[in-house]
Amino acid sequence: MRLETERLVLRSWESRDHASLAAVLGDAEVRRFYPTVATPEQTRAQLEFSIEKQAAMGFHFGAAELRSTGQFVGLVGLGYIPEETRAAIRGQPAVEIGWQFDKAFWGQGLAPEGARAWLTYGFETLQLPEVVALPLLATCPASAS
């Protein structure tokens with residue numbers, strides 16, 4: 001899987017991505033709406049899961065890197081929503097979009113750029129009937145309400 005935008009290459013995961021992904025998922029500010037940061041072991045498990053999903057389903061959240069330098073900036077993509085989560089959501093949507101970027105790249109419009117490319121791919125190529133975004137409201141800090 002490989003998509004390109006003006007500034008990004010969106011591609012399937014490779015084993016070389018572990019350290020860069022671990023740095024993003026291990027950052028407390030990036031993960032502030034998650035219950036915890038991810039450990040390197042959890043990141044490796046997530047990476048392996050994503051590679052398996054890509055192989056089985058044809059797509060899953062993937063790596064995002066700058067076209068100009070090849071520098072890893074985060075993850076973005078579409079993913080199938082697990083059955084237990086789908087069952088709790090009205091309409092039981094099948095596919096979600098999401099992203100997590102290295103905070104050094106926040107505020108540059110890279111997440112929406114990557115998301116637009118994935119949505120285009122999802123609707124035009126995969127012919128998905130819908131894609132949803134799932135907020136992490138249950139883990140938002142009290143001061144955010």
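A salt bridge is counted where a side-chain nitrogen of Lys or Arg lies within 4 Å of a carboxyl oxygen of Asp or Glu. The structure is a predicted model, in which local features need pLDDT of at least 70 and side-chain atom pairs count only at pLDDT 80 or more, while totals for chains, interfaces and linings use all residues. Residues are numbered from 1 along each chain as its sequence is written, and side-chain values use heavy atoms, with hydrogens and water left out.

The protein chain contains 4 helices and 5 strands, where helices (H or I, at least four residues) and strands (E, at least two) are DSSP runs numbered from the N terminus. Along the sequence these elements follow the order β-β-α-α-β-β-α-β-α. The radius of gyration, taken over C-alpha atoms and compared with a globule rule of 2.2 Å times the number of residues to the power 0.38, is 15 Å; this is close to the 15 Å that the rule gives for 145 residues, so the chain is as compact as a globular protein of that length. The C-alpha atoms fill a box of roughly 40 × 40 × 30 Å along the principal axes.

Of the 145 residues, 40% are buried. Here buried means under 20% relative accessible area, exposed means over 50%, and partly exposed lies in between (1.4 Å probe, protein chains only). Among contacts (heavy atoms within 4.5 Å) with a separation of 6 or more, 59% are between residues 24 or more positions apart.

By the rule above, the chain has 10 salt bridges. One of them joins Arg7 and Glu113, with the closest N and O atoms 2.7 Å apart. This pair links distant parts of the chain, since Arg7 is in the loop between β1 (2–4) and β2 (8–11) and Glu113 is in helix α4, 106 residues apart. Arg7 is partly exposed at 30% relative accessibility, and Glu113 is buried at 11%.

A salt bridge also forms between Arg16 and Glu65, at 3.9 Å from N to O. Arg16 is in the loop between β2 and α1 (18–25) and Glu65 is in strand β3 (residues 62–66), so the pair ties together parts that are 49 residues apart in sequence. Arg16 is exposed, at 53%, whereas Glu65 is buried, at 10%. Within helix α3, Arg86 and Glu83 are 3 residues apart, about one turn of the helix, and their side chains meet in a salt bridge of 3.1 Å, N to O. Salt bridges that share partners join Arg11, Glu14, Arg16, Asp17 and Glu65 into one network.

Glu96, in strand β5 (residues 95–101), is buried yet has no salt bridge; the nearest side chain of opposite charge, that of Arg86, is 10 Å away. Outside the four places on either side in sequence, the residues that Glu96 touches include Phe61, Leu78, Ile81 and Val131.

Thr43, in helix α2 (residues 40–57), is buried, with 0% relative accessibility. Beyond four places in sequence, Thr43 touches His18, Leu21, Ala22, Leu25 and Ala38.

Positive phi values occur at Gln92, near 45 degrees, and at Gln127, near 60 degrees. Gln92 lies in the loop between α3 (83–86) and β5 and is partly exposed, at 42%. Gln127 is in the segment after α4 (110–125) and is exposed, at 58%.

Methods
Lys, Arg positive; Asp, Glu negative; His and termini not counted.
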